[in-house]
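The following exercises are to be worked with the sequence and the structure at hand. Each task is followed by a solution in steps.

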Amino acid sequence: MRIRSPEFIWSFSRWCHRQGWKRGARIVKTLNWAIHKCLLPSEAVVGNDIVLEHYALGIVMHPQVKIGDRCRIFHHVTIAAESCIGSEHFVIIEDDVMIGAHAVVIARSNSTLVIARGASIGAGSVLTKSVPAGEVWAGNPARRIGEVGSRQLAVDSRQ
Ligand SMILES: CC(C)(COP(=O)(O)OP(=O)(O)OC[C@H]1O[C@@H](n2cnc3c(N)ncnc32)[C@H](O)[C@@H]1OP(=O)(O)O)[C@@H](O)C(=O)NCCC(=O)NCCS
């Protein structure tokens with residue numbers, strides 16, 4: 001991971017947050033915004049090998065977000081939660097999920113939204129419901145349009 005990449009700067013801001021350096025975390029988050037024009041919360045819980053395509057341009061996330069390993073998120077994705085910071089409700093994005101460009105994911109107030117392992121969300125979708133593992137959802141409002149090929153899931157999990 002390159003030191004100037006949005007993924008690295010984000011992981012550094014999360015590390016600062018975990019150390020209790022809230023001000024430092026905010027400064028690093030602002031640095032990511034200044035360089036890459038993204039707003040990535042230092043409070044988020046994020047796994048390994050996440051890819052923010054196109055230098056994370058325009059990605060905006062609520063702090064109540066948990067993301068698994070090897071997820072791929074394209075530019076101008078918004079991940080929103082209507083619950084307040086510190087609540088028990090989250091947007092949970094499990095391992096190997098793909099979220100296409102300009103998609104908007106909204107967890108409604110007092111509810112948790114889960115995008116389960118290996119699911120894909122189409123470009124430009126507006127998603128307000130949980131998505132089962134391995135399904136492809138797209139459109140506004142997003143609906144199930146198919147399944148991610150089992151071959152692709154197997155390849156993804158080996159990487
Ligand atoms: C959602 C996605 C993964 C679906 O791929 P797929 O499983 O191959 O789906 P298909 O192309 O077979 O399309 C199935 C149907 O869903 C529709 N569909 C596909 N993507 C859609 C989208 N993003 N929004 C609305 N409808 C969509 C297709 O028009 C098709 O409809 P039809 O059956 O009426 O003809 C893909 O279309 C997508 O949006 N990828 C995002 C990639 C991206 O953001 N790239 C950025 C590069 S800079």
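**Exercise 1.** Over the ring of which residue does the charged end of Lys37 sit?

*Solution.* The model is a predicted one. The charged end of Lys37 is placed over the ring of Trp33, at 4.5 Å from the centre of that ring. A further arrangement of this kind involves Lys66, whose charged end sits over the ring of Phe90, 4.2 Å from its centre.

**Exercise 2.** Classify the aromatic pair of Phe12 and Trp15 from its ring geometry.

*Solution.* Step 1. A pair of aromatic rings is described by two quantities, the distance of the centres and the angle of the planes.

Step 1. The structure holds two aromatic pairs. For Phe12 and Trp15, the ring centres are 6.0 Å apart and the planes stand at 15°.

Step 2. Rings pair if their centres lie within 6.5 Å, and planes under 30 degrees apart count as stacked. The pair of Phe12 and Trp15 is therefore stacked.

Step 3. Regarding position in the chain, Phe12 and Trp15 are three residues apart in helix 1, so about one helical turn separates them.

**Exercise 3.** In what order are the strands of the open sheet arranged, and which are the edge strands?

*Solution.* Step 1. The open sheet is formed by four strands in the order 1-4-7-10, with parallel pairing.

Step 1. Strand 1 (45–46) and strand 10 (113–115) are the edge strands, since each pairs on one side only.

Step 2. Strand 1 runs parallel to strand 4 (residues 65–67), and two bridges join them. Within strand 4, Lys66 is the bridge partner of Val45. The charged end of Lys66 is also the one that sits over the ring of Phe90.

Notes. Residues are numbered from 1 along each chain as its sequence is written. This is a predicted model: local features need pLDDT of at least 70, side-chain atom pairs count only at pLDDT 80 or more; totals for chains, interfaces and linings use all residues. Side-chain values use heavy atoms; hydrogens and water are left out. Two strands pair if DSSP finds at least two bridges between them. Rings of Phe, Tyr and Trp (its six-membered ring) pair if their centres lie within 6.5 Å; planes under 30 degrees apart count as stacked, over 60 as edge-to-face and the rest as tilted. A charge sits over a ring if NZ of Lys or CZ of Arg is within 6 Å of the ring centre and within 35 degrees of the ring normal.
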